[in-house]
Amino acid sequence: MDASTTQSVQAPTVKLLINGKLVESKTTQWRNVVNPATQEVLARVPFATPEEVNEAVANAKEAFKTWRKTPIGTRSRIFLKLQQLIRENMKDLAALLTAEQGKTLPDAEGDVFRGLEVVEHAAGIGNLQLGELANNVANGVDTYTVMQPLGVCAGITPFNFPAMIPLWMFPMAIATGNTFVLKPSEQDPMVTMRLCELALEAGVPPGVLNVIHGGEDVVNAICDHPDIKAISFVGSTKVGTHVYNRASLAGKRVQCMMGAKNHAIMMPDASKEQSLNAVLGAAFGAAGQRCMAISVLVLVGEARKWVPEIVEKTKGLKVSAGTTAGADVGPLISCQARERVESLIERGVQEGAKLELDGRKPQVDGFEKGNFVGPTIFSGVKPGMTIYDQEVFGPVLAIVEADDLEQAIEFINANPNGNGTAIFTQSGAAARMFQEEIDVGQVGINLPVPVPVPLFSFTGSRASKLGDLGPYGKQVVLFYTQTKTVTARWFDDSTLHHGVNTTISL
Ligand code: NAD
């Protein structure tokens with residue numbers, strides 16, 4: 001039996017956060033939070049009851065009555081304080097994240113840091129949530145817009161970035177005047193909870209930020225709840241599509257950032273050493289469990305000869321627990337995830353791809369029970385093979401070949417996913433052609449993981465995203481607000497009166 005389903009009553013419980021208080025769930029359904037490098041049970045997470053979900057939403061609804069009227073400066077200062085607290089606690093947050101998620105400590109700090117950037121952005125809300133004004137649209141008439149918060153908003157997050165992705169959501173939602181109900185991943189909720197505690201310490205008032213834990217039932221309750229106005233979801237395409245359909249049908253505003261199959265194009269004129277290092281870091285970092293991981297490498301023209309060098313370089317990566325100094329590739333999140341990736345590798349072999357490097361069952365001294373799969377490389381991969389058609393979400397790189405850039409672009413655009421992509425070249429003309437023709441949300445030019453900073457917004461096209469506005473950045477201010485357009489005239493007693501006018505003019 002997997003450690004995540006066995007009972008471990010000694011482990012501490014993860015609390016719900018309702019109305020500013022950490023509360024013990026009354027549920028009978030619990031799941032273990034397990035260190036993926038050691039199988040140690042770190043905590044038990046509850047699957048909140050329907051009553052607890054309703055209580056969290058009711059408190060958020062009540063808190064909205066006052067929070068929506070909170071001055072801009074007050075909201076700003078809370079996020080200024082929160083960014084400071086996150087910086088002060090960076091090492092502890094990263095350690096907690098590595099313990100429950102598995103990624104290496106430096107990568108865990110990166111996870112927290114990319115979320116911290118959104119908190120810093122939220123502190124500048126006074127410059128972001130500005131309306132527009134047109135003076136004298138008719139005689140003595142002005143038109144202006146105000147961007148008002150929606151009410152109770154909710155966030156549903158995946159396991160792979162348990163700090164960054166919750167921080168994509170609640171800071172911007174709250175800074176724009178909404179109240180929030182967060183449902184973190186049940187696989188690694190502990191660092192998310194710590195960040196929420198810091199938010200309370202920073203001054204987020206009771207009821208403004210609430211956290212409920214759970215899985216499918218809690219997510220469905222969020223989708224259906226009549227008092228939730230908007231949902232931000234990040235996770236797999238299957239679940240995201242379900243959330244989008246169900247919550248839209250219930251009349252909510254929804255944005256879903258979903259699965260990926262990110263291709264990098266290697267042109268023969270690329271700066272070879274740096275480009276290969278960048279691609280391999282993006283393929284195998286976080287054990288391939290990033291929505292922006294490079295999982296397909298398209299070698300163009302003469303670059304097709306680089307496979308042996310790619311394999312040799314990859315062999316230099318160190319597989320170990322995230323806490324081991326110098327580790328490059330940590331464990332997968334669960335035993336099930338490891339078994340799934342191993343079976344996909346086996347399918348790749350059976351379906352005729354050439355296994356250039358087999359990372360299954362690596363020797364990891366001191367962490368024999370960990371969910372490790374080492375870097376794995378296939379060449380000769382084609383659409384129709386399971387390792388190409390599915391998102392593997394593990395340290396598996398599929399190499400394909402193309403004669404020229406046009407063919408490579410056509411190949412990428414034929415894949416259903418459109419999350420991230422990159423080109424490596426020294427040709428500005430090739431890079432520009434790629435940028436113009438590729439149908440993918442995040443485009444990197446000599447950059448393998450082009451996650452936008454919060455001055456911009458994360459995006460995605462085709463099967464990788466549903467909803468038109470992205471999380472964080474400018475777009476999320478629109479997502480979390482309702483534009484109200486006011487057309488105003490102030491009567492002047494000296495104005496002549498012409499009686500009732502029934503024509504449509506101002
Ligand atoms: P997931 O879809 O399994 O889980 C996401 C959330 O949905 C979790 O909170 C989970 O509790 C909930 N959930 C799971 N099954 C559900 C169900 N049947 N019904 C309702 N809710 C359910 O995703 P994951 O495995 O945690 O994360 C990995 C996936 O997320 C990958 O596909 C990855 O590409 C994607 N991802 C995308 C982005 C992006 O920005 N596009 C970022 C990170 C991760």
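Reply: The lining of the largest pocket consists of 20 nonpolar, 17 polar and eight charged residues (Ala, Val, Leu, Ile, Met, Phe, Trp, Tyr, Cys and Pro count as nonpolar, Asp, Glu, Lys and Arg as charged, the others, including Gly, as polar). This is a predicted model, in which local features need pLDDT of at least 70 and side-chain atom pairs pLDDT 80 or more, while totals for chains, interfaces and linings use all residues. Residues are numbered from 1 along each chain, and side-chain values use heavy atoms, without hydrogens and water.

The space in the largest pocket comes to about 1,300 Å³ (an open set of 1 Å grid points where a 1.4 Å probe fits, with protein on both sides within 12 Å along at least five of seven lines; lining residues have an atom within 4 Å of a point). Among its 45 lining residues, Phe159, Gln187, Gly235, Ser236 and Val239 are closest to the centre. At least two lining residues come from each of helix H6 (164-175), helix H8 (216-224), strand E10 (228-234), helix H9 (237-249) and helix H12 (335-350) (DSSP runs of at least four residues for helices and at least two for strands).

The chain is divided into domain 1 (16-258 + 472-486) and domain 2 (263-445), by an automatic or database assignment. Each of these domains gives at least three residues to the lining of the largest pocket. The C-alpha centres of domain 1 and domain 2 are 31 Å apart, and the contact (heavy atoms within 4.5 Å) takes 18 residues from domain 1 and 22 residues from domain 2.

Conventions: Points joined across faces, edges and corners; volume = space filled by probe spheres on them.
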